[in-house]
Amino acid sequence: MKFRKFLAAGAGAALAFSLAACSGGGAGSTSDSSASGDDGAMMEEGGTIGVAMPTQTSSRWIADGDAVKSGLEDQGFDVDLQYAADDIPTQSQQIDNMITNGVKALIIAAIDGTALSSQLQAAADAGIPVISYDRLIRDSENVDFYVTFDNYNVGVQQATSLLVGLGILEADGTTETGEEGPFNVELFAGSLDDNNAHFFWAGAIDTLQPYIDSGVLVVPSGQTDIEQAATLRWQQETAQKRMEDLLTGNYVGTDEKVNGVLSPYDGLSRGIITALQNNGYSGTVEDGFPVVTGQDAEVESVKLIVDGVQYATIFKDTRKLAEQAVVAATAYLNGEEPEANDTETYDNGVKVVPSYLLESDIVYADNVQELLIDSGYWTQEQVDKGVA
């Protein structure tokens, strides 16, 4: 399908730029060694940059906001950082106020990628560049740049971790074991108003579909469309309720058991795990607990992975994402165009938004130390406690 073409177009470029991302190059890199004038001063001195984040209910978004704020302040900017409690009118009002107060640039992680058209038009009228952060803002020509991860590949990685956990693929994620199942799985998707949810789903389904078609995987609920699997606002409670309904409707009173669950986000994963535990599933994956995937390496879920309860998550190093947002904003305020490594994939319905894509990693229990603790993303104490 078309998402696979998008992956091919963007993944090679993203890999080629991954080292630059780590060293501070990438989105705002120019042919010069510095984005400064001859005297070393930035062309745009100081000023305030508005940063709009969706919620503080997720440790991931708190970390994003803090990292972007810190990076911008290191560049000499003041920062108006606002969280909107997952409420669309609140975020719209926050952005209106930022524009009224004369911010130099906007970095926006939208709650609803289609709900900010009037704010973006006001920003364009005021000459304020808009950087879409992780979630693509749709249906507007007034989106200047997009920083994100290779979201199709994130979905591929989620599905791959499910297949590894079920024993269908070897630990390398590419070699088939010959295991024929059948395995009962249920599928969850993110919020339909988040453009990323569609990419995650496409990557995952493209990976799982051959096994569904061959009968190695079975979806007893029959809910295999994204509209059926969607979870509004990525709410943990909504995922828990849906998992409970799936169990009641398809497993309770039968001999069928859930073997695995595709979950696109750690908050949903924890709700799914709670529903399973409330319905008689216990122990660890090694004991037969269903294989549950995730995303964002939230510390609460990392502890569950170490404990053997959640099987895997996807680590998107938001420090690098924040860094690229800062580099892009700085480029605009120096009168330059940020450097994109993908100019084909992210069509927001009005334009293809130039993008900078970063790579992600699958986290299993045996690489938590390497990926998350040794890199300084979480400390050992935080993982041990499951608290950021």
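Student: In which sense do β6 and strand β7 pair, and over how many bridges?

Tutor: The two strands, β6 and β7 (residues 217–218), pair in the parallel sense over two bridges, where strands count as paired if DSSP finds at least two bridges between them. Phe-183 stands opposite Leu-217 in β7, and the chain crosses from β6 through α7 to β7 in a right-handed β-α-β crossover. Right-handed here means that, with the strands pointing away from the viewer, the path from the first strand over the helix to the second runs clockwise.

Student: Before we go on, what kind of model is this?

Tutor: This is a predicted model, in which local features need pLDDT of at least 70 and side-chain atom pairs count only at pLDDT 80 or more, while totals for chains, interfaces and linings use all residues. Residues are numbered from 1 along each chain as its sequence is written, and side-chain values use heavy atoms, with hydrogens and water left out.

Student: OK, how many helices and strands are there in the protein chain?

Tutor: The protein chain has 14 helices and 12 strands; these are DSSP runs, with helices being H or I over at least four residues and strands being E over at least two, numbered from the N terminus.

Student: Back to β6: which strand does it pair with over three bridges?

Tutor: That partner is β8, again in the parallel sense, and within β8 the bridge partner of Leu-187 is Leu-262.

Student: And are the residues of β6 buried or exposed?

Tutor: Five of the five residues of β6 are buried, where buried means under 20% relative accessible area, exposed means over 50% and partly exposed lies in between, using a 1.4 Å probe and protein chains only. Both faces are covered, with Phe-183, Val-185 and Leu-187 on one side and Asn-184 and Glu-186 on the other.

Student: Which sheet is β3 part of, and in what order do the strands run?

Tutor: Six strands form an open sheet in the order β2-β1-β3-β4-β5-β11, with parallel pairing. Its edge strands are β2 (78–83) and β11 (355–358), each of which pairs on one side only.

Student: How many bridges join β1 to β3?

Tutor: Four bridges join β1 to β3, and Gly-50 has Leu-106 as its bridge partner in β3. On to β4 (residues 130–133), β3 (residues 105–108) is joined by three bridges, with Ile-107 opposite Ile-131 and Ile-108 opposite Ser-132. Together with helix α5 (residues 117–125), β3 and β4 make a right-handed β-α-β unit.

Student: What about β1 and β2, how many bridges join those?

Tutor: Six bridges join β1 (residues 48–53) to β2, and the two run parallel, with Gln-82 in β2 as the bridge partner of Ala-52. Between them the chain passes through helix α3 (residues 59–74), in a β-α-β crossover that is right-handed.

Student: Why isn't Lys-69 counted as buried?

Tutor: Because its relative accessible area is 27%, Lys-69 counts as partly exposed.

Student: Switching to cores, how many residues are in the largest nonpolar one?

Tutor: The largest nonpolar core has 50 residues, and those with the most contacts inside it are Leu-217, Met-243 and Leu-276. Such a core is a set of buried Ala, Val, Leu, Ile, Met, Phe, Trp, Tyr and Cys residues joined through side-chain atoms within 4.5 Å. Elements giving two or more residues to this core include α7 (195–214), α9 (236–250) and α10 (266–278), and α7 gives the most, with seven residues.

Student: Which residues is Leu-276 in contact with, leaving aside neighbours within four places in sequence?

Tutor: Those are Met-243, Leu-247, Val-258, Tyr-281, Phe-289, Pro-290 and Val-292. Apart from this core lies another, of 27 residues, among them Met-53, Tyr-133, Leu-321 and Leu-358.

Student: Last one: what share of the protein chain is buried?

Tutor: Of its 388 residues, 55% count as buried.

Conventions. Contact means heavy atoms within 4.5 Å.
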